[in-house]
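Work through the exercises below with the sequence and the model open. Try each task before reading its solution.

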Amino acid sequence: GTYGVAYDDGDRERAVKVALLRKQGGASTTVAATFAVGDDIDARHGGGPKWFPGKISTVNEDGTYGVAYDDGDRERAVKVALLRKQGGASTTAAATFAVGDDIDARHGGGPKWFPGKISVVNEDGTYGVAYDDGDRERAVKAALLRRRG
C-alpha cells in the first residue's frame, strides 16, 4: 500500500510506498514483526483466495514470514497481507490496506462482515470504507477489516 505524508517542514507527498516509511526513531516497517514464530495463523496459500490454517515458522528480514501449514505444506516468504490470526480478522499492521483494496468490514463494529472498498487511509491508522451497498464509514479500525477472500 501507499500513504500520503505531511512532513514537519510543510511539504506533502502522495503515494509513498510503505517500504520507504518508518516510525520516527524506529525500525523500518518492513522488518517490524506482526507475528512471531509459533503463532497460529490462517494464510492465503500462494496468494489465492482461500484461507488455510498453519503456524509461523520463520520471521524474515524483508517482512515476510515462513508458514508451516497444518496439512504439511510450507511457504518461505508469505507477505503480511496474506496472513491473519487464526480464525480472526486480518492483521492490524498499518501497511495492511491501501485505497481501492477490496475488503470485508464489520460495519459499526458489529459481528457481521459486509463487502466494500478502502476509500481513505487515515493518519491515525484507521480507514475510510465505502460499502458495496452504498453505506460509508470514515474511521474503521484495522481489526474490523479483512481482505476479501
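A residue counts as buried when its relative accessible area is under 20%, as exposed when that area is over 50%, and as partly exposed in between. The model used here is predicted.

**Exercise 1.** Classify Thr64 as buried or exposed, and list its contacts.

Solution. Step 1: Thr64 is found in the loop between strand 4 (52-59) and strand 5. Step 2: its relative accessibility is 9%, so Thr64 counts as buried. Step 3: the side chain of Thr64 makes a polar contact of 2.6 Å with the side chain of Asp62. Step 4: leaving out residues up to four places away in sequence, Thr64 touches Val59, Ala77, Val78 and Lys79.

**Exercise 2.** Describe the aromatic pairs of the structure.

Solution. Step 1: a pair of aromatic rings is described by two values, the distance of the centres and the angle of the planes. Step 2: there are two aromatic pairs in the structure. One of them is Phe35 with Tyr65, at 5.6 Å centre to centre and with 85 degrees between the planes, which is edge-to-face. Step 3: this pair links distant parts of the chain, with Phe35 in the loop between strand 2 (12-17) and strand 3 (40-43) and Tyr65 in strand 5 (residues 65-69), 30 residues apart. Step 4: Phe35 counts as buried because its relative accessibility is 4%, and Tyr65 counts as buried at 2%.

Step 1: for Phe97 and Tyr127 the ring centres are 5.3 Å apart and the planes stand at 85 degrees; planes over 60 degrees apart count as edge-to-face, so this pair is edge-to-face. Step 6: Phe97 is placed in the loop between strand 7 (83-85) and strand 8 (102-105), and Tyr127 in strand 10 (residues 127-131), so the pair ties together parts 30 residues apart in sequence. Step 7: Phe97 is buried, with a relative accessible area of 0%, and Tyr127 counts as buried at 2% relative accessibility.

**Exercise 3.** Which ring does the charged end of Arg44 sit over, and at what distance from the ring centre does Arg84 lie?

Solution. Step 1: the charged end of Arg44 sits over the ring of Trp51, 6.0 Å from its centre. Step 2: Arg84 lies over the face of Trp51, and its distance from the ring centre is 4.1 Å.

Definitions and conventions
Residues are numbered from 1 along each chain as its sequence is written. This is a predicted model: local features need pLDDT of at least 70, side-chain atom pairs count only at pLDDT 80 or more; totals for chains, interfaces and linings use all residues. Side-chain values use heavy atoms; hydrogens and water are left out. Rings of Phe, Tyr and Trp (its six-membered ring) pair if their centres lie within 6.5 Å; planes under 30 degrees apart count as stacked, over 60 as edge-to-face and the rest as tilted. Helices (H or I, at least four residues) and strands (E, at least two) are DSSP runs, numbered from the N terminus. Buried means under 20% relative accessible area, exposed over 50%, partly exposed in between (1.4 Å probe, protein chains only). A charge sits over a ring if NZ of Lys or CZ of Arg is within 6 Å of the ring centre and within 35 degrees of the ring normal. A polar contact is a pair of N or O atoms within 3.5 Å; within protein, one must be able to donate a hydrogen and the other to accept it, and residues adjacent in sequence count only if both atoms are side-chain atoms. Contact means heavy atoms within 4.5 Å.
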